[in-house]
Amino acid sequence: MPADEIRRMVESVYRADSRRVLATLIRLLGDFDLAEEALHEAFATALLRWPETGVPDHPRAWLVSTGRFKAIDQLRRRARFDASLARVADQLDSAVDPAQDVREDAVEDDRLRLIFTCCHPALPPDARIALTLREVCGLETEAIARAFLISAPTLAQRIVRAKTKIRDAGIPYQIPSRADLPERLDGVLHVVYLVFNEGYSATSGASLIRRELSGEAIRLGRLLVELLPEPEALGLLGLMLLHDARRETRSSASAELVLLADQDRGRWDRAQIAEGCTLVERALASRRFGPYTLQAAIAAVHAEAPDSAATDWPQIVGLYDVLLRVESSSVVELNRAAAVAMRDGPAAGLALVDGILSRGELADYHLAHSARADLCRRLGMTSEAIASYRRALELTRQEPERRFLERRLRELSP
Amino acid sequence: MKYLCLIYEDEAAWGKMPKAEADTMMGEYFAYTADIKRSGHYLGGNALQPTQTASTVRVRKGKVSTTDGPFAETKEQLGGYYLIEAKDLNDAIQVAARIPSARAGSIEVRPIMEYNAG
């Protein structure tokens with residue numbers, strides 16, 4: 001096989017399998033950094049050897065064996081300076097033959113181990129996100145730093161600290177026990193949800209890298225559904241697919257914000273909506289669903305409506321009622337108020353929004369004020385609408401939203 | 001691995017507790033300690049006298065200074081500890097979660113630093 005063809009082959013194995021190989025190497029070697037070095041050594045060796053020997057029958061097993069061998073070799077060399085490493089190397093060398101450990105189900109378990117370790121609740125929340133994107137998704141540190149608008153050294157340090165804590169605090173490389181699984185899965189789903197939102201909510205700045213984040217979150221969601229098809233994992237994947245299906249229509253060609261009611265529904269991704277709806281139905285049928293499934297069900301009702309007026313608003317209000325019982329929050333209440341305004345008219349919605357604002361909880365939340373402004377505008381209460389749009393403008397930090405609010409204010413000003 | 005489970009709770013609450021309730025709590029502690037001895041987790045543990053019995057010692061420029069306290073303005077104070085042997089952090093968290101004071105106060109779980117002999 002010609003050398004450049006081998007190189008392409010190695011690259012495609014890397015893309016498809018490097019995270020699986022890493023996950024298994026971490027288990028075999030018991031150390032993140034050692035496993036990462038071993039992974040790179042293994043692929044570097046493949047580039048040298050495969051042109052002569054041809055591609056092995058089981059490239060993944062070959063890479064795991066080679067990586068493990070390289071790591072033990074590396075430890076032996078370092079043992080000249082640190083005697084304790086010799087013992088570690090001997091222990092690793094006498095462990096089970098790794099070829100036995102690359103059976104399909106064992107490999108899939110390793111991927112779950114990696115996810116649960118990166119999302120361990122003993123790690124700080126932002127470190128969980130960074131570590132998951134770096135180790136599970138294989139994103140470069142620079143790319144993650146750009147997406148979260150922080151410097152690469154800051155992010156790298158966050159990852160180093162997390163790995164140190166995993167080692168020193170004894171965070172195990174394991175899938176949680178059945179008793180802990182519901183809580184721990186919630187933690188993993190939350191990380192995936194935050195990654196998705198980070199990629200979805202902002203439409204300005206480094207929009208390309210943010211789109212990549214949403215894509216990674218969906219890939220993670222798919223992986224979880226494949227490995228651990230719990231109802232809320234299905235619900236979260238459905239929710240992400242349904243939101244992402246509208247991505248292209250959420251802003252105009254000139255990067256202006258387009259509201260749900262004004263979006264060109266002909267451009268929504270119908271295949272993705274169908275997949276999302278199927279997932280929601282599966283999750284609902286389990287009767288063990290939670291907040292992600294309910295939010296996905298709401299998104300599904302929107303996705304299936306031909307336009308805003310023909311949307312089944314009573315059903316949406318009903319779903320928000322259930323969601324409030326499962327997860328009471330002022331933001332959910334605010335969304336419910338907007339749905340009530342569509343069902344019963346803006347006056348009914350305004351009464352609810354004012355009730356929420358008077359409790360003070362959302363006083364600094366820009367969307368509460370822009371929702372109030374919109375209802376006042378529809379009721380012809382121009383001066384109240386202007387006041388609320390101005391308050392929202394003071395609070396928002398997103399550029400497209402700022403332009404949207406300024407546009408509304410211009411329309412209302414005489 | 002060895003972990004120290006530091007028990008933080010509102011020590012004033014113990015004083016305000018009716019005797020029957022305090023007795024129940026003590027009973028729970030005895031049962032818990034017996035339980036983690038049976039499971040092999042227990043290495044040691046003690047309850048501490050309240051913070052008004054505490055002294056803080058510092059040596060500065062060779063001179064010993066002793067003050068009373070610490071009386072930091074926190075709602076929870078260190079009231080006791082268990083030293084445990086656990087397989088890993090998940091195991092340690094499960095042991096710590098069963099400490100009776102975890103329900104009202106909080107438990108800080110800290111791995112013990114291991115030094116390589118030789």
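1. Chain A holds 19 helices and zero strands, where helices (H or I, at least four residues) and strands (E, at least two) are DSSP runs numbered from the N terminus. This is a predicted model, in which local features need pLDDT of at least 70 and side-chain atom pairs count only at pLDDT 80 or more, whereas totals for chains, interfaces and linings use all residues. Residues are numbered from 1 along each chain as its sequence is written, and chains are lettered from A, with ligands numbered from 1, in the order in which they are written.

2. Taken along the principal axes, the C-alpha atoms of chain A fill a box of roughly 80 × 45 × 40 Å. Of the 414 residues in chain A, 35% are buried; a residue is buried if 20 or more other C-beta atoms, placed from the backbone, lie within 10 Å of its own, exposed if 12 or fewer do, and partly exposed in between. Among the contacts in chain A with a separation of 6 or more, 59% are between residues 24 or more positions apart, a contact being a pair of residues whose C-beta atoms, placed from the backbone, lie within 7 Å.

3. Helix 3 (residues 59–78) of chain A and helix 4 (residues 84–94) of chain A have axes that come within 8 Å and cross at roughly 160°. That angle makes helix 3 of chain A roughly antiparallel to helix 4 of chain A, given that angles under 35 degrees count as roughly parallel, over 145 as roughly antiparallel, 65 to 115 as roughly perpendicular and the rest as oblique. Axes here are lines fitted to C-alpha atoms, for helices over the stretch in contact, and angles run from 0 to 180 degrees between N-to-C directions. On the side of helix 3 of chain A the contact uses A:I72, A:L75, A:R76 and A:R78, which meet A:L85, A:A86, A:V88, A:A89, A:L92 and A:D93 in helix 4 of chain A. By class, the residues of this contact divide into seven nonpolar, no polar and three charged, with Ala, Val, Leu, Ile, Met, Phe, Trp, Tyr, Cys and Pro counted as nonpolar, Asp, Glu, Lys and Arg as charged, and the others, Gly among them, as polar.

4. The axes of helix 15 (residues 330–344) of chain A and helix 16 (residues 346–358) of chain A come within 6 Å and cross at roughly 165°, and the two helices are therefore roughly antiparallel to each other. Residues of helix 15 of chain A in this contact include A:L334, A:A338 and A:A341, and those of helix 16 of chain A include A:L352, A:V353 and A:I356. The contact has 10 nonpolar, two polar and two charged residues.

5. Helix 15 of chain A also passes helix 17 (residues 366–378) of chain A, with axes that come within 11 Å and cross at roughly 15°, which makes the pair roughly parallel. A:L334, A:A338 and A:A341 of helix 15 of chain A make this contact with A:L367, A:A368, A:A371 and A:L375 of helix 17 of chain A. The residues involved are seven nonpolar, no polar and no charged.

6. A:T396 sits in the loop between helix 18 (382–395) and helix 19 (399–412) of chain A. With 18 other C-beta atoms within 10 Å, A:T396 is partly exposed. Not counting residues up to four places away in sequence, A:T396 touches A:H366, A:E401, A:R402 and A:L405, and its C-alpha atom is separated by 9.4 Å from that of A:D364, 32 residues apart along the chain.

7. In chain B, four strands form an open sheet in the order 2-5-1-6, with antiparallel pairing; strands count as paired if DSSP finds at least two bridges between them. The edge strands, each pairing on one side only, are strand 2 (42–47) and strand 6 (106–111) of chain B. Neighbouring strands of the sheet are turned by 20° against each other on average, direction ignored. Strand 2 of chain B pairs with strand 5 (residues 77–85) of chain B over five bridges, and B:A47 stands opposite B:G80 in strand 5 of chain B. Helix 3 (residues 89–97) of chain B lies across strand 1 (2–9), strand 5 and strand 6 of chain B, running at about 150° to strand 6 of chain B.

8. B:H41 lies in the loop between helix 2 (19–38) and strand 2 of chain B, and counts as buried with 22 C-beta neighbours inside 10 Å. Leaving aside neighbours within four places in sequence, B:H41 is in contact with B:I36, B:I84, B:E85, B:A86 and B:V95.

Conventions:
Two residues are in contact if their C-beta atoms, placed from the backbone, lie within 7 Å.
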